[in-house]
Each structure stands twice: as C-alpha cells, then as structure tokens.
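Please keep the sequence and the model side by side as you read.

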Amino acid sequence: MASPSLERREKGAGKSEFRNQKPKPENQDESELLTVPDGWKEPAFSKEDNPRGLLEESSFATLFPKYREAYLKECWPLVQKALNEHHVNATLDLIEGSMTVCTTKKTFDPYIIIRARDLIKLLARSVSFEQAVRILQDDVACDIIKIGSLVRNKERFVKRRQRLIGPKGSTLKVRKVVLDTMKNIHPIYNIKSLMIKRELAKDSELRSQSWERFLPQFKHKNVNKRKEPKKKTVKKEYTPFPPPQPESQIDKELASGEYFLKANQKKRQKMEAIKAKQAEAISKKQEERNKAFIPPKEKPIVKPKEASTETKIDVASIKEKVKKAKNKKLGALTAEEIALKMEADEKKKKKKK
C-alpha cells in the first residue's frame, strides 16, 4: 500500500490545482462543460507542477514465478532505463523472487509510483516488456481481473476462458466483457453493443441522449441439460413393514452349531478352513506355472495332391499349334477355309450356266 505521505501529497496537489482553476463565467452553458472537445488532451505532469518534490520515500514490491526469472534477467536493464526517466529506482531480487520499485529525492510526480507498481505486476503476470512499459503513459491504464474463483467447474472454466483468448494470444480488454463471459454470456454480444456505442458516439446530437433504444437486448437461455447419473438407482416398492433384522454372529453360530463347540474345536475348524484355502491357492498357482510348459498344438501337415491324368497338359499338341501359327502368314486362310471357298465359287458358276 502507498504511504500516508503519498496521500497527503496527492491531497496537496489537488488543492494547488483547485487554486489555479479559473472562475466559471456566469453566462456559460452547462452542456458545453459536459462535452470534451475533439483532439483535447490533458497536459502532462511536469517538474514545474511540483518543484519541491516528494517529502518521503514510497515503495512497492511483488513476487514473480520461477519461469519468469530468465525473461526478467534479460529485460531488467530496459525496465531500469524506463523508470530512471521518471526518477524511480527498480531492484530485482532473484533469491527471494521479487521486484521492488521506490521513489527518490528527484521524483516529482506523486502518481508515478502507482504506475511503476502496475508495471512490475504486469511483468510478473507474463506480459511482455514492450506492452507493460506503456502503463507509464498518462493515457494508458490496466486492470487485472482474477477469474479463477468465478467458476467452480474446471471444464466450464477452461471453455469460457478460451472465449476470451483472441488471435496470437491477445485477450479482450474490457472488464464487463470478461466477467460476463465467465457468467456464460458469449463475448460477441457485448462486442456488438460496444461497436454500436462507438458509432453513436460520433454523432454530436446523440451524445447527450439515452442509447438504450439502439442497443440490442439479448435474452439469456439456459439450454444446459441435466447430466444423468451413470448408475441409476431403482426405487423399491413401498411397504409399511420394516425390513427384516439381519442375523447377528451368535445367531449364525447357533444355526450352524458352532456356538456349542469348545474353544479347541473352533480353533481346529478355523485352521482346517485356512489350510483348505491355502491348498486351493497353491494348486491354482501350480496350474498357471505348468501352462508355460504345455507345448502348443501343431498344425497337421497337408500333403500336396498328385495331378490327375485328366488334367495333365499335352505339351506335344501345344508345340504343334505354335509351329503352325509361326508358318501361317498374317491374314492367310486355313486349308479348311480355302476348300469351303472353292466349293462356294463352283456353285455360283453352275447357277450362272
């Protein structure tokens, strides 16, 4: 927390600003005071605003996880350089795993220590130095939202957190969108209303009016179905009579006759039962061991069948056919075809005569 001296300085700075304010003219319209002119920026806080500096030293410290140690070692000279411009000292303790920032005698801005605190918090939460150093600017602010305790179910938490992560690991930067997402309201609805608000803000006539009629109204629909249990318990039929009382050990001994036996006889029976169980266990183990020595069943050898005389190939006839095919010219007729052709020609001649 900030020291009480810092609070006093902030109050003192507020008083000095109040003294320097100009009196409001009587004829000025109040609606003009509510609107900020386009392109206006608040002047930067300089040494002339607080020439005497701060009365006491203020400091903040924060811890960082072990996996951030290597990155912080590399970028720490850049962190010190950025803070030295505002006359703020920064120390990195690798033994305790902490970062500390504190003001000096030359520090003139009372709020810069708060921005330096936010800088080391962002660095401890895996934000890169290039993005975290922007918090030192007057028109930049940060908000750390703890969403770990908002959803109890781990699976739902992971799904809803995934909706917040944008392209290249960038996250949504509006607190209401983040909190509504963890309440199972999709961020697209809030983003759509933000886009409408941005367009309405450009219109000078609508700036002072209510925007509710332009914003979309989304109804929340609970579509989650109740998960059915894996083991369904079947309810028994109702009976006015109570369930029968279970038998006690004495009742069981009376029914079996063990109750009337002597102590020696009972011990003998117990020993016999134990020995019988041991014998069964030994026999089972022996059977399992003997399975490794039992040879597997061999497959019967199938003898190749002798080729029958009917299916034998006549090699000599095949050779003769091949020879005839070689001797025959391409497109030449066989002897049978030539004889049939000659007979057909003779018949034609006879008909002509």
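Buried residues make up 18% of the 353 residues in the chain, where buried stands for under 20% relative accessible area, exposed for over 50% and partly exposed for what lies in between (1.4 Å probe, protein chains only). This is a predicted model, in which local features need pLDDT of at least 70 and side-chain atom pairs count only at pLDDT 80 or more, while totals for chains, interfaces and linings use all residues. Residues are numbered from 1 along each chain as its sequence is written, and side-chain values use heavy atoms, with hydrogens and water left out.

The accessible surface of the chain comes to about 32100 Å², and carbon and sulfur atoms hold 54% of that surface; the areas come from the Shrake-Rupley method with a 1.4 Å probe, and for residues only the protein chains shown count as cover. Of the contacts (heavy atoms within 4.5 Å) with a separation of 6 or more, 51% are between residues 24 or more positions apart.

The chain has twelve helices and three strands. These are DSSP runs, numbered from the N terminus: helices are H or I with at least four residues, strands E with at least two.

**The sheet and its helices**

In what order do the three strands lie in the open sheet? The order is β1-β3-β2, with antiparallel pairing; two strands pair if DSSP finds at least two bridges between them. β1 and β2 stand at the edges with a single partner strand each, so one side of each has no neighbour in the sheet. From one strand to the next, the twist averages 15 degrees. Six bridges join β2 and β3 in the antiparallel sense, and A90 has V101 in β3 as its bridge partner. Helix α3 packs on the sheet, where it touches β2 and β3, and its direction makes about 165 degrees with that of β2. Helix α4 lies across β1, β2 and β3 and runs at about 170 degrees to β3. For these angles, axes are lines fitted to C-alpha atoms, for helices over the stretch in contact, and angles run from 0 to 180 degrees between N-to-C directions.

**Rings**

Rings of Phe, Tyr and Trp (its six-membered ring) pair if their centres lie within 6.5 Å; planes under 30 degrees apart count as stacked, over 60 as edge-to-face and the rest as tilted. By this rule there are two aromatic pairs.

| Pair | Centre to centre | Angle between planes | Class |
|---|---|---|---|
| F45 and F108 | 6.4 Å | 10 degrees | stacked |
| Y259 and F260 | 5.7 Å | 90 degrees | edge-to-face |

F45 is partly exposed at 28% relative accessibility, whereas F108 is buried at 16%. In the other pair, Y259 is partly exposed at 42% and F260 is exposed at 63%.

**Backbone details**

Most residues other than glycine have a negative phi. H87, in the loop between α3 (69-84) and β2 (88-93), has a positive phi of about 60 degrees although it is not a glycine. S126 has a positive phi of about 65 degrees and is found in the loop between α4 and α5 (129-132). H87 is partly exposed at 28%, and S126 is partly exposed at 40%.
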